[in-house]
Amino acid sequence: MAHEKIIRTDGKVSRSGAVNAESYDEWASDYDRELASWGYDAPEQAAGLLKGHLPGFESAAILDCGCGTGLTGAALRAAGARGDLTGVDASEASLETAKLKKVYDRLEYADLNKRLPLDDASVDGILCIGVLTYLEEAAIFKEWLRVLRAGGVAVFTSRDDFWQSRGIAEMLSRLELEGRWEALHVSQPMPYLPGNPDFADKVKAIYAVYGKL
């Protein structure tokens, strides 16, 4: 199955946009059902964190970075977000599924390891849920800082086994020292796919919230 190529516990994941897009294209038609069966609630958790940390959440312009089939967009709307919502993703099939949910103002193809298709200082909030695993972290953090307005907030998840091994914590600390943004919340490792027999006990997620200064 497609998810076996990308949902891996051994850390051997691809950061090629084209490779991962192909796998998610294959998985798109069954993605929502399968994740629901695994008890996946990261979109709701993340939407709640953005709502709790972003002033003016209800009318904010928000980017769903790696929107997939639109689960996070739907969670944002359910949490009360009524502002402009943009979704970007590398999987065309997932974007087509997201379109059916009718929660986004714009959906656009994007290789997230390249420049995002947004103007500088154009959004108030960013969510990136279950996607950082497949990205070059330093590059995407730089892009988020570019497209976020001052006072904007980014909420993202990271696999707990990558938090240190990939140097994510160090990158974030360096950006804090440079005065680019500040940590508003960093969780302890939390269940991510509790119903997945392989993933549940081996890999957890850290939920991070950073505000642009």
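I am working on a predicted model, so local features need pLDDT of at least 70 and side-chain atom pairs count only at pLDDT 80 or more, while totals for chains, interfaces and linings use all residues. Residues are numbered from 1 along each chain as its sequence is written, and side-chain values use heavy atoms, with hydrogens and water left out.

**Arginine 166.** I place arginine 166 in the loop between α7 (160–165) and α8 (168–177). Helices (H or I, at least four residues) and strands (E, at least two) are DSSP runs, numbered from the N terminus. Arginine 166 counts as buried because its relative accessibility is 17%. The classes are buried under 20% relative accessible area, exposed over 50%, and partly exposed in between (1.4 Å probe, protein chains only).

**Core.** I then checked the largest nonpolar core, which has 71 residues. Such a core is a set of buried Ala, Val, Leu, Ile, Met, Phe, Trp, Tyr and Cys residues joined through side-chain atoms within 4.5 Å. Phe141, Trp144 and Phe156 have the most contacts inside the largest core. Strand β7 (residues 205–212) gives the most to this core, with six residues. For tryptophan 144, not counting residues up to four places away in sequence, I noted Cys65, Leu116, Ile126, Cys128, Leu132, Ala154, Phe156 and Trp181 as the residues touched.

**Salt bridges.** I took a salt bridge as a side-chain nitrogen of Lys or Arg within 4 Å of a carboxyl oxygen of Asp or Glu. The count comes to 12 salt bridges.

I found arginine 33 paired with aspartate 30 at 2.8 Å, N to O. Both lie in helix α2 (residues 17–37), three residues apart, about one turn of the helix. Aspartate 30 is partly exposed, at 24% relative accessibility.

How far apart are the closest N and O atoms of arginine 77 and aspartate 105? I read 3.1 Å for this salt bridge. Arginine 77 is in helix α4 (residues 71–78) and aspartate 105 in the loop between α5 (92–101) and β3 (106–109), so the pair ties together parts 28 residues apart in sequence. Arginine 77 is buried at 18% relative accessibility, whereas aspartate 105 is partly exposed at 44%.

Arginine 149 and aspartate 124 meet at 3.0 Å, N to O. I also logged one network of Arg115, Asp120, Glu143 and Arg146, joined by salt bridges that share partners.

Terms used
Contact = heavy atoms within 4.5 Å.
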